[in-house]
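Welcome! Have a look at the sequence and the model below, and then we can walk through a few of the contacts together.

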Amino acid sequence: MKQRNILRLTEEVRNALNLRKPVVSLESTIISHGLPYPQNIDMAVEVESILRDQGVTPATCAFIDGRPHVGLTQSDLLRFAEASQLGKVHKVSRGDIGFVMANKLNGGTTISLTMILSHLAGIKFFATGGLGGVHRDNPGETSMDISADLTELGRTPVSVICAGPKSILDIPRTLEFLETQGVFVGTYNEDKKQVAQNELKLPGFYTRESNVASPFGFDTLEEAARIVFNQQLLNLQSGNVFCIPPPKDTALNNDFITLIIDKANEEAKENRILGKQLTPYLLSKIAKVTKGQSVHANISLVKNNALAAATIAKSYYALEESARESASESASESEMKTVCM
Ligand code: PSU
Ligand code: MN
C-alpha cells in the first residue's frame, strides 16, 4: 500500500506486522487532551507494557512534526507528553490531517484518527478509554456536536475496545447514530449474567452500567474475536465497538458521578464551550470536582481495556492462522489430486 510508506512505523511494529504477530494500537489524544500530566505519560508507558507482557506489540499513534507515527519510542512518548503540557499538541481527527502534515505540527490522534492510521498500517485492534459520541444539548438540540469517532467507525474496519461511550454524552443518541452507521456494538458479559435480551447494560465509562441496554453481548473475549473474524470474511469496511465494563474496584458509583457530569455539562453550556474543546473541558472539570477520582478510574479502565484487547487480538490471529493452514492444506490436497489423475 503506497500510503503505508508515508507512515513512520517503529521497528517493533513493522516486525510484528511482517510476522503476522498480534498488534494493538493506542491513541494519543488521551495523552495530550484527556489526562493531566504526569499521569498521562505514566498511563501511556504502563499500557504499552501491559500489552508487551501479553506478547502483543503496542502501537501508540501520534503526529510528530507533521509525520504520522504508528508506534512511538519511549523518548518520543516522553517528548510528546511534555509538548502536550506546553500546549504544543493539536487534537487531530480526519479533517485535520492535511493541515497538521503541511504545517509540521504535533498531533494527538483521536479514536477516529487512530483508526485511520491503524487501518493504513494493517492493525485491526485498538484499545482506549471511552468512545466519543453525540454530545448532550449544548446549546439546545441543534448543536450537531457528534464525534468524528462515530462516522469513522462506519467506514474503517478497526475494532475499538473501550469502556463504552463516555458518560458525559447522550448515550441513547450515540447508539442510534452508531446503528445508522452500521457499527456493531457489544458488551462483555463478564459476570455471565443470565440476562434477557435488552437487559445487558452498556458500561458507562466511569461506571459499570449505564441505564442504556447494549445492542449485543458476548460472554467471552474469544467470542469477540470470532465476531471480527466473521465480519472480515466479507471484507466489510466498518468498525466494531467492544465495550468492557470498568474494573469493579475502581469504577465510580452512578449516583455520585451523574450529578457531577450534569453540572459539568451545564457549566460548559454557560461558558459556551464548543467543538474540539468540549470533551477535554468536561473531563478536566470532572477530574477537579472528584479530586482526581475520575482520573484514577479512567487510567484503570484503559489498562483493563488493553488487557482485554490483547486477548481478543491473540484469539483473532490464532483464527487467521488456522484458516491459513486449512487453506494451504486443501490447496495441497487438490494439487495431489491433479498429480494423481
Ligand atoms: N478516551 C478517554 N479519554 C479521552 C478520549 C478517549 O478515556 O480523552 C478521547 C478520544 O481521543 C476520543 C475523543 O476520540 O476523546 C473524543 O473527542 P470528541 O468528543 O471531541 O470527538
Ligand atoms: Mn465534538
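## Helices α7 and α8

Helices α7 and α8 run roughly parallel to each other, because angles under 35 degrees are counted that way. In this predicted model, the angle between α7 (residues 148–155) and α8 (residues 171–180) is about 25°, and their axes are 9 Å apart. Their crossing is right-handed.

On the α7 side, the contact uses L150, T151 and L153, which meet T174, F177 and L178 of α8. Sorted by class, this contact has four nonpolar and two polar residues, with no charged ones.

## Helices α3 and α4

Now for a second pair. The axes of α3 (residues 39–53) and α4 (residues 74–85) come within 9 Å and cross at roughly 155°. Helices α3 and α4 are therefore roughly antiparallel to each other, and the crossing of α3 and α4 is right-handed.

From α3, the residues in contact are N40, I41, A44, V45 and E48, while α4 brings Q74, L77, L78 and A81. Six residues of the contact between α3 and α4 are nonpolar, two are polar and one is charged.

## Around ligand 1

Which residues are the closest to ligand 1? They are E27, K91, S147, D149 and T279, out of 18 residues that surround the ligand.

Oxygen atoms of ligand 1 take part in several polar pairs. The side chain of K91 places an N or O atom 2.7 Å from a ligand oxygen, and a polar side-chain atom of S147 lies 2.7 Å from an oxygen atom of ligand 1. For I111, a polar backbone atom is 2.9 Å from an oxygen atom of ligand 1.

Conventions:
Residues are numbered from 1 along each chain as its sequence is written. Chains are lettered from A and ligands numbered from 1 in the order in which they are written. This is a predicted model: local features need pLDDT of at least 70, side-chain atom pairs count only at pLDDT 80 or more; totals for chains, interfaces and linings use all residues. Side-chain values use heavy atoms; hydrogens and water are left out. Axes are lines fitted to C-alpha atoms, for helices over the stretch in contact, and angles run from 0 to 180 degrees between N-to-C directions. Helices (H or I, at least four residues) and strands (E, at least two) are DSSP runs, numbered from the N terminus. Angles under 35 degrees count as roughly parallel, over 145 as roughly antiparallel, 65 to 115 as roughly perpendicular and the rest as oblique. A crossing is left-handed if the near helix is turned anticlockwise from the far one by less than a right angle, and right-handed if clockwise. Contact means heavy atoms within 4.5 Å. Ala, Val, Leu, Ile, Met, Phe, Trp, Tyr, Cys and Pro count as nonpolar, Asp, Glu, Lys and Arg as charged, and the others, Gly among them, as polar. A residue is near a molecule or strand if one of its heavy atoms lies within 4 Å of it. A polar contact is a pair of N or O atoms within 3.5 Å; within protein, one must be able to donate a hydrogen and the other to accept it, and residues adjacent in sequence count only if both atoms are side-chain atoms.
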